Amino acid sequence: MSAATTRSRTPDRLCAEAVDLARAAAEEAAAPGVVGEHAGLVSEGDRVVTHFFECKELGYRGWRWAVTVARASRAKIVTLDEVVLLPGPDALLAPEWVPWSERLRPGDMGPGDLLPTDQDDLRLEPGYTGEDEPAPNSVVSEEMAELAEAEDADVTPGAPATQPTPSRGSIAAVAEELGMRRARVLSRYGLHVAADRWEEAFGAKTPMAQAAPATCMTCGFLAPIGGYLGQAFGVCANEFSPADGRVVSLAYGCGGHSEAAVMPKPPQPAAPVIDETRVDPFPLRPARDSGSVPEVGDEETAELGHS
C-alpha cells in the first residue's frame, strides 16, 4: 500500500475542523433554515475533506448537503472547494429514467400525436426486395434508376392525399401497380406479436369465451379478413357483443352468437269459427238443479223451523 493511499484515509486535521466554514457555505447555497446538523465527514484525498449536513427541505428526505474543503500543501488556511446536494443511503430518489419508446402503452396516442418507428423495427420488413441497380438488359435508364432509388429512400411527410405520385417506369411505380406501394410491411415477428396480443384480449382462454355457447367460427356476425391472419382471426360485427369492431380469434365466443338461441315466433291463435246455420238456445233463468246444493222439499225443512 502506497503512502499516498494511507494519507488519504486519514482526514486532514485542519480540514476536519473547518465545520463552521462548511456550514456557512451550505447555508449560502441553500434556502434559509434547510441546513441541519453536521452528519459526519469523509476524506477525499490528501488535505481534502467533505463535510455532510442534514437537509431539512421538503421533498428531499434522506439527502445531505456535501461541502468539500481543501488545504494547500504546507498552508494553514482551509479553502472552499464545492457545495452540492447529494442523496444519502436512505434518500428518496426518483425512479430510473425510462425512454419514451418503452413507456408508451396502447391507447396513449391522441389526435395529432406522431409515433415514429425505428428503421430496424423487428415488427416490420421491406415491402418489396430486390437489387437497386437495374439489370444490364433492362429498359430502365440510369436516370430512372437514380430516381427510383431516391423515391425508395425518402419518406415525404404529410397526409396520404399530399404524397407525390411515383414516375412511370420506376421501381416504386411498378410496386404500386402490384399492390406493394408500402415501403415496409409486417414481418413474421410482427405478425406473431400482433396475434398473441389479440389472442390474449379476445381469445379462447378469456372468461367470455369459456362461457360462450359456440365459437366465432360459426357466428354469422364474424367478418373475415384476408392475409395470413385471416386463418385465425376475424372482425366482430355484432353491435351488442363486447368485441364489436375488434379483431377476435376464431376460437373466441360470446353470448351474442348468431345461432346461440333462435327466438321462436309467438304462437298465433286460430281464427274463430262461426256457424250461422245453427241456433243455440240459452235459458233466461238457470235450472233449479243446476246449482251445487241439491233442491230440498218443504217437508224436509219443516223440522228446522222454516216455513
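Colleague: What makes up the accessible surface of the protein, and how much of that surface belongs to carbon and sulfur atoms?
Modeller: The accessible surface comes to about 23800 Å², and 56% of that belongs to carbon and sulfur atoms; the areas are Shrake-Rupley values with a 1.4 Å probe, and for residues only the protein chains shown count as cover. Keep in mind that this is a predicted model, where local features need pLDDT of at least 70, side-chain atom pairs count only at pLDDT 80 or more, and totals for chains, interfaces and linings use all residues. Residues are numbered from 1 along each chain as its sequence is written, and side-chain values use heavy atoms, with hydrogens and water left out.

Colleague: Why is Trp63 called buried, and why is Tyr60 called partly exposed?
Modeller: Buried is under 20% relative accessible area, exposed is over 50%, and partly exposed is in between (1.4 Å probe, protein chains only). Trp63 has 18%, so Trp63 is buried. Tyr60 has 31%, so Tyr60 counts as partly exposed. Across the protein, 21% of the 307 residues count as buried.

Colleague: What makes Tyr60 and Trp63 an edge-to-face aromatic pair?
Modeller: Ring centres of Phe, Tyr and Trp (its six-membered ring) must lie within 6.5 Å, with planes under 30 degrees apart called stacked, over 60 edge-to-face and the rest tilted. Here the centres are 5.4 Å apart and the planes make 85°, so Tyr60 and Trp63 pass on both counts. By this rule the protein has three aromatic pairs.

Colleague: What about Phe202 and Tyr252: which kind of pair do they form?
Modeller: Edge-to-face, with 5.6 Å between the centres and 90° between the planes. This pair links distant parts of the chain, as Phe202 and Tyr252 are 50 residues apart. Phe202 is buried, and Tyr252 is too.

Colleague: How do you know that the charged end of Arg64 sits over the ring of Phe52?
Modeller: The rule wants NZ of Lys or CZ of Arg within 6 Å of the ring centre and within 35 degrees of the ring normal. The charged end of Arg64 sits over that ring, 4.0 Å from its centre.

Colleague: What makes β1 and β2 partners?
Modeller: Two strands pair if DSSP finds at least two bridges between them (a strand being a DSSP run of E, at least two residues, numbered from the N terminus). β1 and β2 (residues 48–55) have six bridges, in the antiparallel sense, so they pair. One of the bridges joins Val35 to Cys55 in β2.

Colleague: And why do β1 and β4 stand at the edges?
Modeller: The open sheet of four strands runs β1-β2-β3-β4, with antiparallel pairing. β1 (35–45) and β4 (78–87) each have a single partner strand, so one side of each has no neighbour in the sheet.
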